[in-house]
Amino acid sequence: MWRKILNRFIATIIVLIGVSVIAFALVRLGGGDPAALVLPDTATEEQIEEQRVKMGLDKPLVVQYVTYISNVLHGDLGYSYHYNMNVSKLIAYRLPNTARLALFSLIISLLWSVPLGLIAGIKKGTPIDSFAMLFAIVGQSMSTVWLSLMLILIFGVKLKWLPTQGYESFKNIIMPGICQGFAFSANVTRMLRSGMIDVLQEDHITATRARGIGKFKVYTKYALKNALVPVITIIGSQFGFLMAGSILIESVFGWPGVGELMMTAISSRDYQLVQSILLISAFIFVICNLLADIAYTLIDKRIEFN
């Protein structure tokens, strides 16, 4: 198993190299002159050219890329001229905020979706099953933008129960957490319901019931364990996505996370910052998926880690 984990880490390095190349190319294909954006509108051509030299933009693209990767390998993610500080410090400040929002979204999603999907799978064809399916369809088809605006309008503007911007208190995280986790909880509900229905029809579950074991133990100890395998895969990929930062949610609610930082970096053509955020995001996403693979291998011994 450890050898396969090592192979996965090697594959991760290859993925990160690919991401770094793609990010390097894309940010430069976007157009605009980062040096001109950093300086005031009254800057002369000579001042802009001097700034380009300072930022290393006068060098060939290959040299710029090699320099960036060399600095990353030495722990230097570059310098943000838009924020006038090291990229490492910027990401280190924003990443905990994104992690807090991602963890909150994950927790409230699972607290709702796991019991609903479990009961819907057990009570197939009942009203609660119909409700679970309706919730899954609505949750996966509903626009996040529309949901965000509706929550802001109802709970922020009309009722004034929750703040719509900032991150000063626990109340600030409720609306962005619900919006970010709504589609995820709908997906988990659908997958867990389908998984429970399939597992409960298997022969070993029938044999377990025939031995006189109580229904609660059959559902929670035997059936749920197998039904959770695809759900864990979803959790791993979704949490990696959430940790990478949700640009839409963080921008709408003014949440100072990595997603909002990425939006600012793109609009200001902050090459170093965009490249580093994409690189860190890809690393987090791959690691979360790796941990999910290990987790469902430990849960179900029949599955081989590869």
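In the protein chain of this predicted model, residues 24 or more positions apart account for 72% of the contacts with a separation of 6 or more. The chain contains 13 helices and 2 strands, and its C-alpha trace spans about 85 × 55 × 30 Å along the principal axes. Of its 306 residues, 42% are buried, while the accessible surface comes to about 16,400 Å², with 68% of that area belonging to carbon and sulfur atoms.

Side chains of opposite charge can pair when their charged atoms come close. The structure holds 2 salt bridges. One of them joins arginine 94 to glutamate 260, with the closest N and O atoms 2.6 Å apart; this pair links distant parts of the chain, since arginine 94 belongs to helix α5 (residues 87-122) and glutamate 260 to helix α12 (residues 258-267), 166 residues apart. Arginine 94 counts as buried because its relative accessibility is 10%, whereas glutamate 260, at 22%, counts as partly exposed.

A salt bridge also forms between aspartate 129 and arginine 193, whose closest N and O atoms are 2.4 Å apart. Aspartate 129 lies in helix α6 (residues 127-141) and arginine 193 in helix α8 (residues 171-200), so this pair ties together parts that are 64 residues apart in sequence. Both aspartate 129 and arginine 193 are buried.

Turning to the charges as a whole, the mean positions of the 26 positive and 19 negative charges of the chain are 17 Å apart. On the surface, Glu45, Glu46, Glu49 and Asp58 gather in a patch of negative charge.

Terms used
Residues are numbered from 1 along each chain as its sequence is written. This is a predicted model: local features need pLDDT of at least 70, side-chain atom pairs count only at pLDDT 80 or more; totals for chains, interfaces and linings use all residues. Side-chain values use heavy atoms; hydrogens and water are left out. Helices (H or I, at least four residues) and strands (E, at least two) are DSSP runs, numbered from the N terminus. Buried means under 20% relative accessible area, exposed over 50%, partly exposed in between (1.4 Å probe, protein chains only). Contact means heavy atoms within 4.5 Å. Accessible areas come from the Shrake-Rupley method with a 1.4 Å probe; for residues, only the protein chains shown count as cover. Lys and Arg count as positive and Asp and Glu as negative; His and the chain ends are not counted. The place of a charge is taken as NZ of Lys, CZ of Arg, CG of Asp or CD of Glu. Patches are made of residues with over 30% relative accessible area and no salt bridge: like charges are joined within 9 Å, nonpolar side chains (Val, Leu, Ile, Met, Phe, Trp, Tyr) within 5 Å. A salt bridge is a side-chain nitrogen of Lys or Arg within 4 Å of a carboxyl oxygen of Asp or Glu.
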